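Subject: Structure for you to look at

Hello,

Here is the structure I promised to hand over. Please open it before reading on.

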Amino acid sequence: MSEPGGFEADLKRLEEIVRKLETGSLSLEDSLREYEEGCKLVARCETLLAQAEARLEELVKKADGGPKTEPFQLEHER
């Protein structure tokens, strides 16, 4: 379902699915399969965005206002 590129790859795949579904050229079974994959991608993207938002809030709250010394990583990358 998701490519190694993470959020951006998932979003690109989701856009592809939407384009396919909007054409109306897929069979019912293929449409359902694409829709199901799209739902999973939406959930994954929402999770990744929530993680990024939490990380940003953590950085903003940091007392000295400077960036953390460790590189930014989302939960699934740790």
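**The chain as a whole**

Please keep in mind that this is a predicted model. The chain has two helices and zero strands. It holds 78 residues, and 19% of them count as buried. The accessible surface comes to about 5,900 Å². Carbon and sulfur atoms make up 56% of that surface. I also looked at contacts between residues at least 6 apart in sequence. Of these, 49% join residues at least 24 apart.

**Helix α1**

Helix α1 covers residues 7-23. That is 17 residues, which should span 24 Å at 1.5 Å a residue.

Which residues of α1 are buried? They are Ala9, Asp10, Arg13, Leu14 and Ile17. Viewed down the axis of α1, these buried residues fall within an arc of 135°, so they line one face of the helix. They pack against α2, residues 28-61. The face turned away from this buried side carries exposed residues: Glu8, Lys12, Arg19, Glu22 and Thr23.

After α1 comes Gly24. Its phi is positive, near 75°.

**Helix α2**

Helix α2 has 34 residues. From first C-alpha to last, α2 reaches 49 Å. That is close to the 50 Å expected at 1.5 Å a residue.

The buried residues here are Glu34, Glu37, Gly38, Leu41, Cys45, Leu48 and Arg55. What do they pack against? The buried residues of α2 pack against α1.

Leu32 also has its place in helix α2. With a relative accessible area of 48%, Leu32 is partly exposed. Leu32 and Leu21 are eleven residues apart in sequence. In space, their C-alpha atoms are 9.4 Å apart.

**Salt bridges**

Side chains of opposite charge can pair when their charged atoms come close. How many salt bridges does the count come to? The answer is eight.

Start with Asp10 and Arg44. Their side chains meet in a salt bridge, 2.4 Å from N to O. Asp10 lies in helix α1 and Arg44 in helix α2, so the pair ties together parts that are 34 residues apart in sequence. Asp10 is buried, at a relative accessible area of 1%. Arg44 is partly exposed, at 22%.

Next come pairs inside α2:

- Arg33 and Asp30 meet in a salt bridge of 2.6 Å, N to O. Both lie in helix α2, three residues apart, about one turn of the helix. Arg33 is partly exposed, with a relative accessible area of 45%. Asp30 is partly exposed too, with 31%.
- Lys40 forms a salt bridge with Glu36, with 3.9 Å between the closest N and O atoms. These residues also both lie in helix α2, four residues apart, about one turn of the helix. Lys40 counts as partly exposed at 44% relative accessibility. Glu36 counts as partly exposed at 47%.

There is also a network. Salt bridges link Arg13, Glu16, Lys20, Glu34 and Glu37. Some of these names have come up already. Arg13 is among the buried residues of α1. Glu34 and Glu37 are among the buried residues of α2.

**Cysteines**

A disulfide is a covalent bond between the sulfur atoms of two cysteines. How many disulfides does a search of the whole structure find? It finds zero.

Are Cys39 and Cys45 buried or partly exposed? Cys39 counts as partly exposed, at 38% relative accessibility. Cys45 counts as buried, at 6%.

**Where to look**

For a quick tour, begin with the buried face of α1, which packs against α2. Then find the salt bridge between Asp10 and Arg44. Finish with the network that includes Arg13 and Glu34.

Best wishes

Notes. Residues are numbered from 1 along each chain as its sequence is written. This is a predicted model: local features need pLDDT of at least 70, side-chain atom pairs count only at pLDDT 80 or more; totals for chains, interfaces and linings use all residues. Side-chain values use heavy atoms; hydrogens and water are left out. The expected span of a helix is 1.5 Å times one less than its number of residues. Buried means under 20% relative accessible area, exposed over 50%, partly exposed in between (1.4 Å probe, protein chains only). The arc is that of the directions from the helix axis to the C-beta atoms. Contact means heavy atoms within 4.5 Å. A salt bridge is a side-chain nitrogen of Lys or Arg within 4 Å of a carboxyl oxygen of Asp or Glu. Accessible areas come from the Shrake-Rupley method with a 1.4 Å probe; for residues, only the protein chains shown count as cover. A disulfide is a pair of cysteine sulfur atoms within 2.5 Å.
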